[in-house]
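Keep the structure open beside you as you read.

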Amino acid sequence: MSTIDRDGPVPPYRQIADDLRRRIESGEIPPGRRIPSMVELEQQWGVARDTLRKATQVLKDEGLVETVTGMGIYVVGRPE
């Protein structure tokens, strides 16, 4: 399980978004690849699904991922 600093100044959803963003920017999760499912992320981070929805919404707002209905959330590209 990855660690969340629940007492720090950065909210858990932001910490998760930051980690996923780092993985996307490094190429660990390349364009066209699905990010881990909500179930996988729940197990990895030990947080509620609402927290994960907020984290993935941050990445959607940044244009890094998009939801494909019935398939999951996919990386659309890395920032230049």
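The model is predicted, so local features need pLDDT of at least 70 and side-chain atom pairs count only at pLDDT 80 or more, while totals for chains, interfaces and linings use all residues. Residues are numbered from 1 along each chain as its sequence is written, and side-chain values use heavy atoms, with hydrogens and water left out.

Start with helix 1 (residues 12-26) and helix 3 (residues 49-61), whose axes come within 8 Å and cross at roughly 45°. Helices here are DSSP runs of H or I with at least four residues, and strands are E runs of at least two, numbered from the N terminus. Axes are lines fitted to C-alpha atoms, for helices over the stretch in contact, with angles from 0 to 180 degrees between N-to-C directions. Helix 1 and helix 3 are therefore oblique to each other; angles under 35 degrees count as roughly parallel, over 145 as roughly antiparallel, 65 to 115 as roughly perpendicular and the rest as oblique.

Now turn to helix 2 (residues 38-45), where the buried residues are Met38, Leu41 and Trp45. Buried means under 20% relative accessible area, exposed over 50%, and partly exposed in between (1.4 Å probe, protein chains only). Just after helix 2, Gly46 takes a positive phi of about 65°.

Finally, go back to Ser26, which lies in helix 1. Ser26 is exposed, with a relative accessible area of 51%. Its C-alpha atom is separated by 21 Å from that of Thr67, 41 residues apart along the chain.
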